[in-house]
Amino acid sequence: MPPMVRKALRAGTFSSSVLVLSMLASCKSPPSPPAETVPSTPSAPVSVAASAPPPTVAGPCEGAPCEVFPSAEAAVQKLLDTKPRIMAFGESHAQKDGPKLPSTTKRFTEGMLPLFKGKATDLLIELWVANGSCGKATEQKVATQQKAVAAPQAETNQNEFVTLGNVAKGLGVRPHVLVPPCDEYAKILDAGAGDVDAMLQMIARLTANDMRTFLEKTEGKESLLLAYGGALHNDVTPKKGHEAWSFGPEMEKKLGAKYMEIDLVAPEGIRDTPAWQGLAWYGKYKPERHTQGAVLMTLGPSSYAVFLPKSAPVP
């Protein structure tokens, strides 16, 4: 267990073992399409004066409206100003073989999270904490299975999720983690080779349960709930076959546009792989045209993607 996690557990911020799942593989930017060439006309030379004007530079999006902001904080602030009830942020978890850049979690914690001081009351974090009552052998078996799933992740991920919870608490936003009941552990162990699918379904179910509880307790109020985790669980329109991995459809049905799916994307991490190609914004965002600031893409009344400003590599 990383030192920072042990310290958090001793301090009482979180209890028992902390587990984080990897939702997506890291990916690289898709290649730019080849430039279209215009055939020459040998019979009539073209003069400079008669040539076509230079093309205008297109925006960073095609097929979806988007706006450019000076920072990711400014883009998120625009969404916050509409007074949503749930803002569910999704990320692609940092990978061991990914670019050496500040992680999305770190950038959210240090830059965007302070926007919610005095505005959000609670934060659901995709940290899975054993409840300690399911039997040591059972919990160790599940922990071993989960460890294999999280193996491709950067080793700093667990620490950064714990830090996210601690910083939120310091801002007056109550952090909450997922505490699976024992029957959920049994489902994972019974799933055999399908244990990853069982884990992803469990995360969606537990998060949805916590969201329902929040909405019931705050009915009639303007209380704001934040959620932070993998970029598949918050989907309003999940990929076919992955519907059980997402709480998005249920929350959008309950809240309409007051529920927001917000994917946070580091442009440098995008790769041309099936995992990335299945995301709703893939192909609509043109990273080669994103030269400054942050880009806010609107994919639907409840669905957004924020492409973070490009950052310098970590030394």
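These are my notebook entries on one predicted protein model.

**Entry 1: ground rules**

I number residues from 1 along each chain as its sequence is written.

**Entry 2: confidence**

I looked up pLDDT, the predictor's confidence in each residue, from 0 to 100. The protein chain averages 80. In it, 74% of the residues score at least 70. Residues 1-57 have a pLDDT below 50. Beyond near neighbours in sequence, that stretch still has 103 contacts in the model. A contact means heavy atoms within 4.5 Å. I note a caution: where pLDDT is low, the predicted coordinates should not be read in detail.

**Entry 3: the whole chain**

I counted nine helices and nine strands in the protein chain. Both are DSSP runs, numbered from the N terminus: helices are H or I with at least four residues, strands are E with at least two. The chain has 315 residues, and 46% of them are buried. Buried means under 20% relative accessible area, exposed means over 50%, and partly exposed lies in between (1.4 Å probe, protein chains only).

**Entry 4: nonpolar cores**

A nonpolar core is a set of buried Ala, Val, Leu, Ile, Met, Phe, Trp, Tyr and Cys residues joined through side-chain atoms within 4.5 Å. Which residues have the most contacts inside the largest one? They are Met-87, Phe-89, Phe-108, Phe-116 and Leu-226, in a core of 36 residues. I followed Phe-116 and left aside its neighbours within four places in sequence. Phe-116 is in contact with Val-76, Leu-80, Met-87, Phe-89, Phe-108, Val-173, Leu-224 and Leu-226. Another core lies apart from the largest one. That other core has 16 residues, among them Cys-61, Leu-232, Val-265 and Trp-276. The background I keep in mind: in soluble globular proteins, nonpolar side chains tend to be buried together.

**Entry 5: cavities**

I searched on a 1 Å grid over the protein atoms alone; a cavity is a set of points where a 1.4 Å probe fits but cannot get out, and lining residues have an atom within 4 Å of a point. Grid points are joined across faces, edges and corners, and a volume is the space filled by probe spheres set on the points. Three cavities of 30 Å³ or more turned up.

The largest cavity holds about 100 Å³ of space. Its lining has 14 residues, and the closest to its centre are Glu-126, Thr-207, Tyr-228, Gly-229 and Phe-247. β4 (120-129), α7 (195-217) and β6 (224-230) each supply at least two lining residues. β6 gives the most, with four. By class, the lining has eight nonpolar, five polar and one charged. In these classes, Ala, Val, Leu, Ile, Met, Phe, Trp, Tyr, Cys and Pro are nonpolar, Asp, Glu, Lys and Arg are charged, and the others, Gly among them, are polar.

The second largest cavity holds about 50 Å³. Of its 11 lining residues, the closest to the centre are Ser-92, Ala-231, Leu-264, Val-265 and Trp-276. β3 (86-91) and β7 (259-265) each supply at least two residues of this lining. β7 gives the most, with three. This lining has seven nonpolar, two polar and two charged residues.

**Entry 6: single residues**

Is Trp-245 buried or exposed? Trp-245 is buried, at 13% relative accessibility. I found Trp-245 in the loop between β6 and α8 (248-255). Trp-245 and Ala-204 are 41 residues apart in sequence, yet their C-alpha atoms are 5.4 Å apart. Contacts of Trp-245 beyond four places in sequence include Asp-197, Leu-200 and Gln-201.

Thr-237 is also placed in the loop between β6 and α8. Thr-237 is exposed, with a relative accessible area of 67%.

Leu-206 belongs to helix α7. Leu-206 counts as buried, at 9% relative accessibility. Not counting residues up to four places away, Leu-206 touches Leu-178, Val-179, Pro-180 and Pro-181.

Last, I looked at Lys-83, in the loop between α2 (72-80) and β3. Lys-83 has a positive phi of about 60 degrees although it is not a glycine. Lys-83 is exposed, with a relative accessible area of 52%.

Definitions and conventions. Heavy atoms only, no water. 1 Å grid on protein atoms, 1.4 Å probe; cavity = no way out; pocket = protein on both sides within 12 Å on 5 of 7 lines; lining within 4 Å.
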